[in-house]
Amino acid sequence: MERIVDIIESIANEKSLPIEEVSERVVKAITNTAKRLFGDDKEFSVDVKKTLCVYQNLVVVANNDELANNESKYISLDKAKLESSEVEIGDTLKYEISFANLDRTAINWLYKELEYNVQRLVEEKLFEKYQSMVDRLIFGTVVFVDNDENTFIEFDEIRAVLPRKNRIKGEKFKVGDVLKAVIRKVSVDKKLGLKVEISRTSPKFLNALLMLEVPEIKDGAIEIINCARIPGERAKVLLKANSINIDAVGASVGTKGVRINAISKELNDENIDCIEYSNEQAIVVSRALAPAIINSVTIDNDIAKVVINHDQKSKAIGKQGINIRLCNMLTGLNIELIEVGTEAENHISSEEAKANLENLFKNI
């Protein structure tokens, strides 16, 4: 106990933790041990300066107060006066408790309490650190792939898991591979401790790759308004230039498509459409339905009624309804196609296209 300050500093330095918070956890561990040794119904306080002192606290109450019968927490005024003539009702008397002659069992209790409380502090700090990194890009090395094809990678001081559902269709990894992903979720498991789940299918992963490859996005000259993906198939990104001197789409695609092709390769050759943002929702819908040529768009609440020629219908819908569905995801509107150029007008909505995608999503 004479070296308690040195011990606290040593733990703080070794675990890269704030000294004050380590000191609080040490105090908590010692208090819990004291309760276990001398009685859970007693009140204790711990004073950490150059050395450590443990006290049992007794509150002074009136002589006729029924609380005086509870000698583990209270003491009558008359008895308290024997200790100090200046004591008054409501004061707290502190009796020092010695930890100098603990037996082996008590030492083991104290060790486990210290280990548990310091480990919880480490986990809390790691949780705070990685919680603040959600949706951020990370690089890691594959260290293990289990029988369910969940991929475990190591980065920084932890091991993260890439579940099979968060892996792009067709991807397979082996031990030693270096992969990129974004942190999707951070949680604490009672048995396993800190759990970090990463993803390569999240739209945030595409955002992070764009920020990595396009300096204008990283610098804030270009803003990603929204992003929609069907992993491994196709994606649409809505981009806004914050300066009239910048072409948001051209800068993101790069010379001869070098930037967007590098991102597409990382996403297992996912096709990426870059779309220029507009304050007019109708214009955004028209651009998002490319390569189809749109006649007109009318916005009614959350429905976008799109008039389109018969020969453009298949382009607007896309393979297995991907194009219209991505437009729906990107704009947040339910897209309703109104086909012209035939004897009777035909209608197809993005909800119908969504149904066509169910089998595709099941295989991703």
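Is Arg200 buried or exposed, judged by its relative accessibility?

A: Happy to walk through it. This is a predicted model, so a word on the ground rules: local features need pLDDT of at least 70 and side-chain atom pairs count only at pLDDT 80 or more, while totals for chains, interfaces and linings use all residues. Residues are numbered from 1 along each chain as its sequence is written, and side-chain values use heavy atoms, with hydrogens and water left out.

Arg200 counts as buried because its relative accessibility is 2%; buried means under 20% relative accessible area, exposed over 50%, and partly exposed in between, with a 1.4 Å probe and protein chains only. Its side chain meets that of Glu266 in a salt bridge, 2.8 Å from N to O. The term stands for a side-chain nitrogen of Lys or Arg within 4 Å of a carboxyl oxygen of Asp or Glu. This pair links distant parts of the chain: Arg200 is in the loop between E9 and helix H5 (203–213), and Glu266 is in helix H8 (residues 258–266), 66 residues apart. Helices (H or I, at least four residues) and strands (E, at least two) are DSSP runs, numbered from the N terminus. Glu266, at 22% relative accessibility, counts as partly exposed. The pair also belongs to a network of salt bridges that links Glu171, Lys180, Arg200 and Glu266.

Lys185 bridges to Glu197, with the closest N and O atoms 4.0 Å apart. Here, too, distant parts of the chain are linked, with Lys185 in strand E8 and Glu197 in strand E9 (residues 193–199), twelve residues apart. Lys185 is partly exposed, with a relative accessible area of 42%, whereas Glu197 is buried at 7%.

The other is formed by the side chains of Glu149 and Arg167, at 2.9 Å from N to O. Glu149 lies in the loop between strand E5 (137–145) and E6, and Arg167 in the loop between strand E7 (158–162) and strand E8 (178–189), so the pair ties together parts that are 18 residues apart in sequence. Glu149 counts as partly exposed at 26% relative accessibility, and Arg167 as buried at 10%.

Now to the rings. A pair of aromatic rings is described by the distance of the centres and the angle of the planes. Rings of Phe, Tyr and Trp (its six-membered ring) pair if their centres lie within 6.5 Å; planes under 30 degrees apart count as stacked, over 60 as edge-to-face and the rest as tilted. The structure holds three aromatic pairs. In one of them, the ring centres of Tyr130 and Phe155 are 5.7 Å apart and the planes stand at 85°, so the pair is edge-to-face. Tyr130 belongs to helix H4 (residues 104–131) and Phe155 to strand E6 (residues 151–155), 25 residues apart, and the pair links these distant parts of the chain. Both Tyr130 and Phe155 are buried. Another pair, Phe144 and Phe152, is tilted, with 5.7 Å centre to centre and 35° between the planes. Phe144 counts as partly exposed at 41% relative accessibility, and Phe152 likewise at 21%.

Tyr130 also brings us to the packing. Not counting residues up to four places away in sequence, Tyr130 touches Phe155, Asp156, Glu157, Ile158, Ile183, Val186, Leu194 and Val196; contact here means heavy atoms within 4.5 Å. The largest nonpolar core has 36 residues, and those with the most contacts inside it are Tyr130, Ile183, Val196 and Ile198. H4 gives the most to this core, with six residues. Apart from it lies another core, of 24 residues, among them Ala228, Ala292, Ile308 and Ala316. A nonpolar core is a set of buried Ala, Val, Leu, Ile, Met, Phe, Trp, Tyr and Cys residues joined through side-chain atoms within 4.5 Å.

Arg25 lies in helix H2 (residues 19–38) and is buried, with a relative accessible area of 17%. Leaving aside its neighbours within four places in sequence, Arg25 is in contact with Asn117, Arg120, Leu121 and Glu124.
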